[in-house]
Amino acid sequence: MSPKPSENGMEGDDEREEESEEDNSEAEVDEEEEEDEPRLKYQRMGGSVPTLLQTDAASCIAVAERMIALGTHSGSVHILDFLGNQVKEFIAHTAAVNDLSFDIEGEYIGSCSDDGSVVISSLFTEERMKFEYHRPMKAIALDPDYARQSSRRFVTGGLAGHLYFNTKKWIGYRDQVLHSGEGPIHSVKWRTSLIAWANDAGVKVYDAANDQRITFIERPRGSPRPELLLPHLVWQDDSMLVIGWGTSVKIVSIRTHPNKGANGTFKQIQMSGLNQVDIVASFQTSYFISGIAPFGDSLVVLAYIPVEEDGEKEFSSTMPSRQGNAQRPEVRVVTWNNDELATDALPIHGFEHYKAKDYSLAHAPFSGSSYAGGQWAAGDEPLYYVVSPKDVVIAKPRDTEDHIAWLLQHKYHEKALAAVEAGQGRSELLDEVGSRYLDHLIVERKYAEAASLCPQLLRGSASAWERWVFHFAHLRQLPVLVPYIPTENPRLRDTAYEVALVALATNTSFHKDLLSIVKTWPPVVYSALPVISAIEPQLTTSSSTDALKEALAELYVIDGQYEKAFNLHADLMKPDIFDFIDKHNLHDGIQEKVAQLMIIDCKRAIPLFILHRDVVSPSDVVSQLMAAKKKCDYRYFLHLYLHSLFESNPHAGRDFHDMQVELYADFDAKMLLPFLRSSQHYTLEKAHEICVRRDLLREQVFILGRMGNSKQALSVIINKLGDIEEAIEFVSMQHDDDLWEELIRQCLNKPEMVGILLEHTVGNLDPLYIVNMVPNGLEIPRLRDRLVKIITDYRTETSLRHGCNDILKADCVNLLIKYHKEARRAIYLSNEEDGSRTKRDENGVSQISERSTSIKNMEVKSKSRGGTRCCMCFDPFSIHDVSIYVFFCCHAYHETCLRDSIDSISSKKKKPAVVPHPKEDLSYYNYDNGDNDDDDDDDIHDEDDARVRCILCTTAAAG
């Protein structure tokens with residue numbers, strides 16, 4: 001049984017089914033605890049650092065714009081690049097280095113140590129200065145302008161409790177104690193002209209430009225002793241100081257209002273301490289602060305988690321020992337309100353044995369001006385360095401690619417895709433994000449969603465498309481991808497399209513999609529033959545559908561197999577099959593598809609069958625329609641076909657005229673009588689039986705008349721039709737007197753019919769004969785009016801007959817006179833060619849032929865009577881080469897003989913004779929239809945004497 005499609009694809013094999021339980025359990029855990037995205041990413045510093053820390057331990061770190069300084073417990077200062085490679089090494093002290101400080105230019109590095117010395121070394125020259133204070137020094141800060149100022153100032157302090165301000169004078173270096181008496185100096189930081197330091201009492205700020213102490217921030221209450229947990233100071237900007245001490249964080253804003261003086265110096269406006277300092281933020285933490293640094297609008301805190309004992313956290317002076325139970329340090333990103341934005345536990349080497357003061361945090365100098373919306377501009381991100389005795393970890397803000405990678409790792413693929421499409425990160429990430437997104441959807445069995453995203457994710461990569469096409473095919477989910485497969489930009493290999501079409505064909509649920517795709521895809525992108533080979537075996541199985549057949553027909557057309565496509569179109573009853581036949585000249589294939597074509601559109605099928613009778617004969621059409629009696633109204637189709645065939649050629653379907661009689665009777669009775677009159681190929685008895693069964697009276701009358709049973713036909717007209725006028729017409733056409741008698745006999749019992757018979761028999765029967773046969777006492781409606789009409793009609797008929805007789809007599813007389821006149825005329829027979837006399841008018845051709853026949857008869861008689869001799873000189877006509885005159889009285893004369901005789905007669909009568917010129921057109925040739933002689937008889941009579949007359953007949957008549 002074929003798989004059924006669902007909203008996520010179709011059921012089938014999944015190559016990742018074996019990963020079910022573990023993935024599900026992990027997904028449940030992820031759902032229960034949503035993990036916040038970290039703000040920082042971490043990596044151990046490589047290069048020379050691992051090697052250095054194998055034999056030594058890191059104690060402190062300082063970061064400049066171009067390099068890093070790492071102090072160790074052995075007293076060495078290592079200058080490193082940002083990759084951890086050692087650039088330079090200073091063996092400055094004999095004890096642990098406690099603090100390091102760069103000037104703002106990064107040209108000098110200052111260090112202090114437990115050996116009581118302070119060493120300031122130039123990074124680019126051999127300059128090096130060492131100052132001995134004979135007590136352990138814990139903090140140092142160089143003047144930011146140390147390299148540019150000749151005063152070479154720095155501040156330092158240690159266990160002695162004095163904060164020394166060292167300045168180079170013209171007589172040498174001189175120390176000034178800025179503060180003392182409040183315990184050891186634990187930390188000192190210098191920014192512009194402001195110096196901040198921390199001792200046991202708290203934090204103080206001194207303005208070196210004005211030589212004035214600005215403020216004092218008291219040590220947080222309850223904080224551990226400074227020697228156990230050092231305070232941490234960091235300048236966020238020129239006027240913002242961040243203090244992290246124990247579990248307390250304070251942010252102090254210092255308003256100095258500097259005025260630019262001459263030569264780049266600053267002039268300060270004197271203000272009271274209360275007005276110069278504001279604590280803008282303060283909060284307590286649940287952990288010890290081992291380091292603190294600004295992070296845009298937030299803070300980065302290196303947190304040390306105290307060990308829990310008896311369910312409570314120990315914040316007393318008793319710190320974790322080196323028993324190996326310390327927890328991992330954490331880097332936390334918090335707001336000024338102590339809202340945690342991110343927390344990351346660091347896998348520091350040996351963290352189990354470290355105390356809070358064993359860690360330190362430093363950050364690269366940055367302005368923070370490029371920070372916007374939680375992101376830094378490329379290349380301007382701050383760097384954070386977490387230092388432990390045996391490890392240095394670099395932390396930096398996560399960039400867009402890190403953000404996308406985190407989204408992918410936590411299966412937020414939609415968000416990752418949106419980030420990439422928004423232009424964040426490299427364009428190459430789209431391929432990776434798309435591939436992982438599709439993989440995720442496949443694992444989740446969201447095949448339909450994965451398919452819909454392919455155009456967006458795969459774009460114009462033909463290789464990627466082909467890879468996923470075959471992957472979906474492997475999962476038996478290719479049908480859901482097929483609607484999205486491109487056919488251009490990119491165009492895939494033929495095999496990909498063929499595999500897709502076959503996948504649709506083998507699943508009945510997608511046969512309609514197969515048809516749509518076959519109609520949509522350009523035929524040039526695939527070969528139809530492999531798809532046809534895959535579909536054809538299915539036609540004989542239960543998986544065959546109409547959509548599959550139609551798709552196969554389209555493929556046949558693409559492959560040029562029009563006959564097979566036509567057969568499928570016929571089976572599917574496609575309305576456009578007739579256009580398909582004409583387009584591809586498939587008339588030879590209609591022989592076996594008569595019933596289907598008739599069912600589709602009989603109005604178009606019938607003319608097609610009639611036009612191609614040489615391909616599909618009438619017997620084929622009739623037999624196939626009769627065989628399809630269960631599929632259609634075959635008798636109606638037979639009627640339509642045979643009717644059209646009869647109108648086209650009355651004899652083409654003569655074998656089926658008996659059938660056609662019954663079909664006409666059932667479907668179009670009005671056309672039956674014209675058919676009966678036109679056809680000679682039906683059986684009269686069967687036709688009569690059908691008409692009797694259908695009660696078709698006029699058709700019965702016609703058939704009975706053709707059968708010779710006129711009396712029965714007349715009986716049907718009178719008794720069933722009751723149409724006496726039709727009866728009279730029928731009897732008149734039969735020309736049978738006995739039938740008239742039968743008509744009269746059958747009408748005598750019907751007075752109304754007798755009256756009508758009297759009206760319509762004038763000219764056929766004598767009305768008196770009908771009147772004499774009417775029984776006495778029979779009341780005939782409107783008899784008087786009808787008798788008057790009969791008499792009037794009879795008189796009119798009689799008058800017409802007399803008039804016709806008179807006209808006939810006059811015509812006979814006129815024609816006899818005309819014939820007599822014609823007989824007296826001569827015919828001139830010339831021995832010269834005269835074209836004008838041989839031409840005749842088209843309207844007189846028949847008359848000329850009749851006269852030619854008369855002339856031939858005359859010539860025969862002339863030869864018998866005159867012996868082809870002249871009646872005057874009795875010489876044969878053949879010996880004289882002269883013209884001849886021939887008369888209808890059978891006499892013939894030479895022209896010269898006749899002229900001489902006429903002249904002699906004329907001279908005796910003293911009257912000039914008129915002799916026609918040989919070229920003159922005689923009366924015979926001027927006579928067309930005899931109408932000219934009828935126009936004026938008197939003129940003709942006057943001209944008779946002037947015409948040529950036979951000498952013998954004229955002389956005889958005169959004698």
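H134 is exposed, with a relative accessible area of 68%; exposed means over 50% of relative accessible area, buried means under 20%, and partly exposed is in between, using a 1.4 Å probe and protein chains only. You'll find H134 in the loop between β11 (128-132) and β12 (137-142). Its phi is near 65°, a positive value in a residue other than glycine. Before going further, keep in mind that this is a predicted model, where local features need pLDDT of at least 70, side-chain atom pairs count only at pLDDT 80 or more, and totals for chains, interfaces and linings use all residues. Residues are numbered from 1 along each chain as its sequence is written, and side-chain values use heavy atoms, with hydrogens and water left out.

D211 also has a positive phi without being glycine, this time near 55°. D211 sits in the loop between β18 (202-207) and β19 (212-218), and at 51% relative accessibility it counts as exposed.

Now for the whole chain. It holds 35 helices and 37 strands; these are DSSP runs numbered from the N terminus, with helices being H or I over at least four residues and strands being E over at least two. Of the 959 residues, 45% count as buried. Take the contacts with a separation of 6 or more: residues 24 or more positions apart account for 54% of them, where contact means heavy atoms within 4.5 Å.

N489 and P490 are joined by a cis peptide bond, with omega at about 5°. P490 belongs to the loop between α9 (478-481) and α10.

Next come α10 itself and its partner. Two packed helices are described by the angle between their axes and the distance between the axes. For helix α10 (residues 494-505) and helix α11 (residues 511-520), the axes come within 8 Å and cross at roughly 145°. Axes here are lines fitted to C-alpha atoms, for helices over the stretch in contact, and the angles run from 0 to 180 degrees between N-to-C directions. On the α10 side, the contact is made by L501, L504 and A505, and on the α11 side by H511, D513, L514, I517 and V518. Sorted by class, this contact has six nonpolar, one polar and one charged residues. In that scheme Ala, Val, Leu, Ile, Met, Phe, Trp, Tyr, Cys and Pro are nonpolar, Asp, Glu, Lys and Arg are charged, and the others, Gly among them, are polar.

What does V531 touch, leaving out residues up to four places away in sequence? The list is E498, L501, V502 and L555. V531 lies in helix α12 (residues 528-535) and is buried, with a relative accessible area of 0%. V531 and E498 are 33 residues apart in sequence, yet their C-alpha atoms are 6.3 Å apart in space.

Further along there's another helix pair to look at. Helix α16 (residues 594-611) and helix α18 (residues 634-648) have axes that come within 10 Å and cross at roughly 20°. That makes α16 roughly parallel to α18; angles under 35 degrees count as roughly parallel, over 145 as roughly antiparallel, 65 to 115 as roughly perpendicular and the rest as oblique. From α16, the contact takes in M598, I599, C602, I606, F609 and I610, and from α18, F637, L640, Y641, S644, L645 and S648. By class that comes to ten nonpolar, two polar and no charged residues.

Past α18, H651 is in the loop between α18 and α19. At 45% relative accessibility, H651 counts as partly exposed. The C-alpha atoms of H651 and Q680 are separated by 9.0 Å, although the two are 29 residues apart along the chain.

Is H657 buried or exposed? H657 is buried, with a relative accessible area of 1%, and its place is in helix α19 (residues 657-667). The H657 side chain reaches the backbone oxygen of G653 at 3.4 Å. Setting aside neighbours within four places in sequence, H657 is in contact with F646, P650, F675, S679, H681 and Y682.

Last stop is Q700, in helix α22 (residues 697-707). Q700 counts as buried at 3% relative accessibility. Not counting residues up to four places away in sequence, Q700 touches H688, C691, V692, D695, V716 and K720.

Definitions and conventions
A polar contact is a pair of N or O atoms within 3.5 Å; within protein, one must be able to donate a hydrogen and the other to accept it, and residues adjacent in sequence count only if both atoms are side-chain atoms.
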